[in-house]
Structures are given as C-alpha cells and as structure tokens.
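Please look over the model shown here before reading the points.

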Amino acid sequence: MDSGRVFEEAFRTLEKKEVAVIRNVHGFPERDKHIISPYLTLLICHSGSSRALYDMQEVVFRPNEVAMVLPNHIISPIERSPDYSTTIIMHSLAFEQEMTQRRMTHDRNKFHKLPACLLTNEEMAQYMKAVELLEIISETPVSRYPHRHDMLLAQTDIMTDMLDACRRDMDQDAKPIDRNRSIFNVFCNQVAIHYREQHEVAFYAENAHLTTRHFSVIIKEVIGLSASDYIEQYLAIQAKNLLSSRPDLSVQQISDHLGYADSSSFCRFFKRATGLSPRQFREQEWSERQ
C-alpha cells in the first residue's frame, strides 16, 4: 500500500483508536505537497534520511532520531533517500488534549525549535520496545482491555519521560537560539493555535510585545517572507488540505472553519493565493486522483 493510503487509513480510524502506530513508512503522505496535520505526530527514523521544511525552515531527519511534529504546523517535503524507513505515531485530538493536561511540565514547544532528538543505539532499542507495547495496547479492543484508555495514557507517559531524558542531554549541548528566531518560533506556534480567528499581523505582534512594523521586519529577516505573507500561505495550505481531503465540507463550511466573514471573502483570498477558485481547485484535485 502506498504512503498516501496508509495515512488515509490511519486518519480514518484515529479518533476511535486514540493512538495509531504505523510501521515501515517509506515516504511522505503526499509527495511534493505542503502538509498540515491537526494531530501530534512522532516520527522514528530507522534508516535513510529525509529533508523537509518545517514552518519554512529546513530540517534533516536521520537514523536514530525521533522527531515531533506539533499539531497544525507546516511540513513541506523536499526529498528522501531510497532506503528511508520510519515508524510513525499519531495521537487523536482528544487523546493529545488529555496528555497535555496531564503533563503540564512537558514543554512540547522545544521540539519546534529543534524537532529531532538523537538517541543512542541502546536508547533506540529501549524506545522501540515501548513503541511495541503501545502498539499492542492500541490494537486491542476495550472488550479485552477494559482500562485500555488509561493504559495508553500510562504508556505514552513512559515514552514521554524517555524522550525527555534524551532531550535534556541534547539541550545541554545545543547552541542558544537567537532572539529573532525565537520570536519566529513563537509566531509559528501562535498561528497554529489562532489561525481560525486571527488573520492580522497586529495580533501576533502585540503578543510578542512589538510594534507591527518591527515584528514584520524580524519575521522577514528569519524566513524571507513578511508576517502577513506567512499567515496567507498558512491559510492557503489549510484551505487546500480541506478542499482536497474533506469532500463532505462545502466551500461555505471551509470558509467558516478558517474564520472568514463570508464565502466571498474566502474565495477572493483563495483565488489571489492560488490562481484558482476553491471549486476549480477541488475539481482539479479530484480529476488528478481518477
């Protein structure tokens, strides 16, 4: 089964299963396309390597690394080696919300600054044993394990602690991130949280305690795009993903989901960003899949 279908099946069953463990993944969900997933995703690299942009910043993923992709952040695949092989773990929305509440001391945002954590061979072997048990629990019905939900939470706690221990060692040797890049990282996290109700740069600048002009200059220095361009690209990618993956949603519903005042405003934005109307884009996507 190709990577796209593997991920589609995982997405379809994730909310019911709470945690999905996908082994032997050799590619990206969709080749040459931006990806924004609402699910927290862990990637464990066993062999080969891949290169991508994570929120417009290049990252390389290598063997023995465990990377965390935070919900609603942008992954733009560039290339992968022929021997690239990973295991992927995804948390459902409700499961990740509960994990966040349980682990208030666990700072997931540090994985946005440095997405991958390098494990030793021994640490990787131990971590994969934990993954194997997580997979067994996730694939077992509640009729067999009445406390299955609590077991998944407990096992994920264990795996989080294992990563935290490795991460502490790595963070001690890491170079401090400069102020401008730190501001950009916070901006990306804020957009991922507030994109539905906040489209204006002023909101994000105010959160950073900066003027809109100064804030925009900093963002452009980091990624070569203005803050408004980044927000527009982000919204366009979200819109494309919804138009191509959610045929059950009308253009009006997608417009509402992305926080536009009306569908006309959304359609003007989408045409300006992509050169196509939402309907034209959807028809083109569906025809390519035939």
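1. Two strands count as paired if DSSP finds at least two bridges between them. Helices (H or I, at least four residues) and strands (E, at least two) are DSSP runs, numbered from the N terminus. On that basis five strands form an open sheet in the order β1-β8-β3-β6-β9, with antiparallel pairing. The edge strands are β1 and β9 (116-118), each of which pairs on one side only. From one strand to the next, the twist averages 15 degrees.

2. This is a predicted model: local features need pLDDT of at least 70, side-chain atom pairs count only at pLDDT 80 or more, and totals for chains, interfaces and linings use all residues. Residues are numbered from 1 along each chain as its sequence is written, and side-chain values use heavy atoms, with hydrogens and water left out.

3. The pLDDT (the predictor's confidence in each residue, from 0 to 100) averages 89 over the protein chain, and 92% of the residues score at least 70. Confidence is lowest in helix α3 (residues 110-113), at a mean of 72, and highest in α4, at 97.

4. Strand β1 (residues 19-25) has five of its seven residues buried (under 20% relative accessible area; exposed is over 50%, partly exposed in between; 1.4 Å probe, protein chains only). Five bridges pair β1 with strand β8 (residues 85-91) in the antiparallel sense, and I22 stands opposite I88 in β8.

5. Strands β3 (residues 41-47) and β6 (residues 65-69) run antiparallel and are joined by four bridges. Here L42 stands opposite M68 in β6. Helix α4 (residues 121-139) packs on the sheet and touches β1, β3, β6, β8 and β9 (contact means heavy atoms within 4.5 Å).

6. A nonpolar core is a set of buried Ala, Val, Leu, Ile, Met, Phe, Trp, Tyr and Cys residues joined through side-chain atoms within 4.5 Å. The largest has 46 residues, and those with the most contacts inside it are I44, I89, L119, Y127 and V131. Its largest share, seven residues, comes from α4. A second, separate core of 39 residues includes C188, F215, V251 and F281.

7. Is F270 buried or exposed? F270, in helix α11 (residues 263-274), is buried, with a relative accessible area of 0%. Leaving aside neighbours within four places in sequence, its contacts include A236, L243, P278 and F281.

Note on methods:
Axes are lines fitted to C-alpha atoms, for helices over the stretch in contact, and angles run from 0 to 180 degrees between N-to-C directions.
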